[in-house]
Amino acid sequence: MNQIRWDPTLREWVAYATHRQDRTFLPPAEYCPLCPTKPGGFPTEVPRESYEIVVFENRFPSFTPDAALQDGEGTLLTPVAPGRGVCEVVLYTDDHDATLASLGEERIRGLIEVWADRYGELGSREFVDYVFIFENKGEAIGVTLNHPHGQIYAYPFIPPRPKKELEAAHEYHRKRGRCLHCDIISQEHEDGRRVITKGEHFTAFIPFYAHFPYEVHLYSRRCAPSIQDLSPEERWDLVRVLKRLLMSYDALFGFSLPYMMVMHQAPTDGGDYEGVAHFHIEFYPPNRTAEKLKYLAGSETGAGVYVMDVLPEASAEELREKIEDSI
Amino acid sequence: MKKERQAKEDGRYTIFYTFEEDEGGEGPGSPGDIPRDPEERGED
């Protein structure tokens, strides 16, 4: 069952996919469903002995292309709609023990091609308004499979957080005639204290208003609306800046840092987002120290107010030092 | 980049992506020269 229910108090959709309760939960490595299928071994999701990058439809999707509604559900106050969309899994490599940080540059470059391809293909479907590319990494985030992989949700609506961001950027563009995100990057470059690393075309920084201690935003310097709009040179630069950032993350506490990685880019609902949507990647690691996590507790969850224990300037300095140490 | 689509028995699809050596143009530097920060090279 895939359906979305409207919350009129927050004016947002909530997705219900009850079959997900039965999904595979942290199987032992020898029974990983994302590894290649070995001769004589159990059949995994990938019916080949080896692979480079693989995309497949999630077996336990939050949204499906053929979702339908049963009669009698929903009211005028709380309408329901089919949970119509697409959920894909992106396997970065057939090496079960790898991470995005440990992949070679060529493979990360290939991954960017795949992300761009999926953005284009899924976004072209009539019922898809937003292609959301993300990765949940680490058991602290709640991953159920440790094999290096990301996910893509092709939503039938623009999800609330990107929508709020787009509305702010649209309003800013209307009043000032400039891209909000371009001005944020300019301010970060001028200040410099929160910049982690930068290349020719991309900059990684902890935003002035970070919601997590080591939250990093990786911005395209050019106002490219989506990953598909990046030139080959920009894609290579993204590889290098991304790799440096991930290496600094893993050096931070001496273990592979859990994180949520999400991409914000132009919706695919047919609207005009030129000068408003600005491709960028956001990382939210849950750790505030090696042993302690930042929990989304009462104030964060119930009031929407994040309370931080550390200033972004201090966290940025720590991550910069880790990059310098690796030279 | 090559893309090969295959159907699963339950109707879901799988897409296999493969890549040629040096595909997508040569990278903007040798693989071992990270980090490359323009400020370190006196650029802005």
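Which helix gives the largest share of the lining of the largest pocket? In this predicted model, α2(A) does, with eight residues. The pocket has a volume of about 2,000 Å³. Its lining holds 46 residues, and the closest to the pocket centre are A:Pro160, A:Arg161, A:Pro162, A:Tyr284 and A:Tyr306. By class, the lining divides into 28 nonpolar, seven polar and 11 charged residues. A pocket is an open set of points on a 1 Å grid over the protein atoms alone, where a 1.4 Å probe fits, with protein on both sides within 12 Å along at least five of seven lines; lining residues have an atom within 4 Å of a point.

Helix α2 (residues 160-176) of chain A also packs against helix α3 (residues 180-191) of chain A. The angle is about 85 degrees and the axes lie 8 Å apart. The two helices are therefore roughly perpendicular (65 to 115 degrees). A:Glu165, A:Ala168, A:Ala169 and A:Tyr172 of α2(A) meet A:Leu180, A:His181 and A:Asp183 of α3(A) in this contact (heavy atoms within 4.5 Å). Four of the contact residues are nonpolar, one is polar and two are charged.

The model scores ipTM 0.93 and pTM 0.92. Chain B averages a pLDDT of 69 (confidence in each residue, from 0 to 100), and 48% of the residues score at least 70. Residues 29-44 of chain B fall below 50, yet this stretch has 31 contacts beyond near neighbours in sequence. Where pLDDT is low, the predicted coordinates should not be read in detail.

Residues are numbered from 1 along each chain as its sequence is written, and chains are lettered from A in the order in which they are written. Local features need pLDDT of at least 70, side-chain atom pairs count only at pLDDT 80 or more, totals for chains, interfaces and linings use all residues, and side-chain values use heavy atoms, without hydrogens and water.

Note on methods: Axes fitted to C-alpha atoms, helices over the stretch in contact; angles between N-to-C directions. Helix = DSSP H or I, 4+ residues; strand = E, 2+ residues; numbered from the N terminus. Parallel < 35°, antiparallel > 145°, perpendicular 65-115°, else oblique. Nonpolar A, V, L, I, M, F, W, Y, C, P; charged D, E, K, R; others polar. Points joined across faces, edges and corners; volume = space filled by probe spheres on them. pLDDT = per-residue confidence, 0-100.
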